[in-house]
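Have the sequence and the 3D view ready, and follow along residue by residue.

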Amino acid sequence: MWRAARRAQVTGGSVLLIGTDCPQLTAERLRAAASALQKSDAVIHPTRDGGYALLGLNRVESALFEDISWSTEVVAQQTRERLDMCNMRCDWLETLVDIDEPRDLEFLPRGWEAGL
């Protein structure tokens, strides 16, 4: 994520890092996150399991990605601590559900189960 964020920010502007396992991350939510970045340094859509489905940044700091306990229930909290450490104001958006385990399939949008 660090490399992708850094590469995207070289061109100037904000970056939205998104997960591919969160069907609740709709176009409307992406637009709202981009809009929220107009008044904050960062935005996060945390997930119910303690991670996040979206991290939006106006400024990229390597500390946001170093020594994070990835794939655990503390990822979002550790990221919040890092944002504070970097003096970055962050808007916490709605908590979403990502699809990591078979039991999470109940959160797929209606009609998607036909494609399984």
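Throughout, contact means heavy atoms within 4.5 Å. Helices (H or I, at least four residues) and strands (E, at least two) are DSSP runs, numbered from the N terminus. This is a predicted model, in which local features need pLDDT of at least 70 and side-chain atom pairs count only at pLDDT 80 or more, while totals for chains, interfaces and linings use all residues. Residues are numbered from 1 along each chain as its sequence is written, and side-chain values use heavy atoms, with hydrogens and water left out.

Q: Which strands are among those that cover the buried residues of helix α3?
A: Taking buried as under 20% relative accessible area, exposed as over 50% and partly exposed as in between (1.4 Å probe, protein chains only), the buried residues of α3 (residues 75–85) are V75, A76, Q78, T79, R82 and L83. They span an arc of only 160 degrees around the axis, which puts them on the same side of α3; the arc is that of the directions from the helix axis to the C-beta atoms. Their cover includes β2, β3 and β4 (90–92).

Q: Is β2 largely enclosed or open, and how many of its residues are buried?
A: On one side of β2 sit A42, I44 and P46, on the other V43 and H45, and all are buried, which leaves both faces covered. The strand is largely enclosed by the rest of the structure, because the buried residues number five of the five.

Q: In β4, which residue is the bridge partner of I44?
A: Two strands pair if DSSP finds at least two bridges between them. β2 and β4 do this in the parallel sense, over three bridges. Within β4, I44 has as its bridge partner W92.

Q: Which residue of β3 stands opposite P46?
A: Strand β2 (residues 42–46) runs antiparallel to β3, and five bridges join them. In the hairpin they form, with five residues between the strands, G50 takes a positive phi near 100 degrees. Along the pairing, V43 stands opposite G56, and P46 stands opposite Y52.

Q: Which residue of β3 is found opposite L17?
A: Strand β1 (residues 15–18) has V15 and L17 on its covered face and L16 and I18 on its uncovered one. Four bridges join β1 to β3 (residues 52–57), and the two run antiparallel. β3 itself is mostly covered, with six of its six residues buried. L16 stands opposite G56, while L17 stands opposite L55.

Q: How many disulfides does the model contain?
A: A disulfide is counted when a pair of cysteine sulfur atoms lies within 2.5 Å, and by this rule the count is zero. C22 is in none, with the nearest cysteine sulfur, that of C90, 16 Å away, and C86 is in none either, with the sulfur of C90 nearest at 12 Å. C22 is buried at 6% relative accessible area, as is C86 at 14%. The number of disulfides is therefore, by that 2.5 Å cut-off, zero.

Q: Which strand gives the most to the lining of the largest pocket?
A: A pocket, on a 1 Å grid over the protein atoms alone, is an open set of points where a 1.4 Å probe fits, with protein on both sides within 12 Å along at least five of seven lines, and lining residues have an atom within 4 Å of a point. The largest has a volume of about 370 Å³, and of its 19 lining residues the closest to the centre are D21, G51, Y52, S71 and D98. Grid points are joined across faces, edges and corners, and the volume is the space filled by probe spheres set on the points. β1 and β3 each supply at least two lining residues, and the most, four residues, comes from β3.

Q: Leaving aside neighbours within four places in sequence, which residues does D104 contact?
A: D104 is found in the segment after β4. This residue is buried, with a relative accessible area of 6%. Beyond those sequence neighbours, D104 is in contact with R48, D98 and I99.
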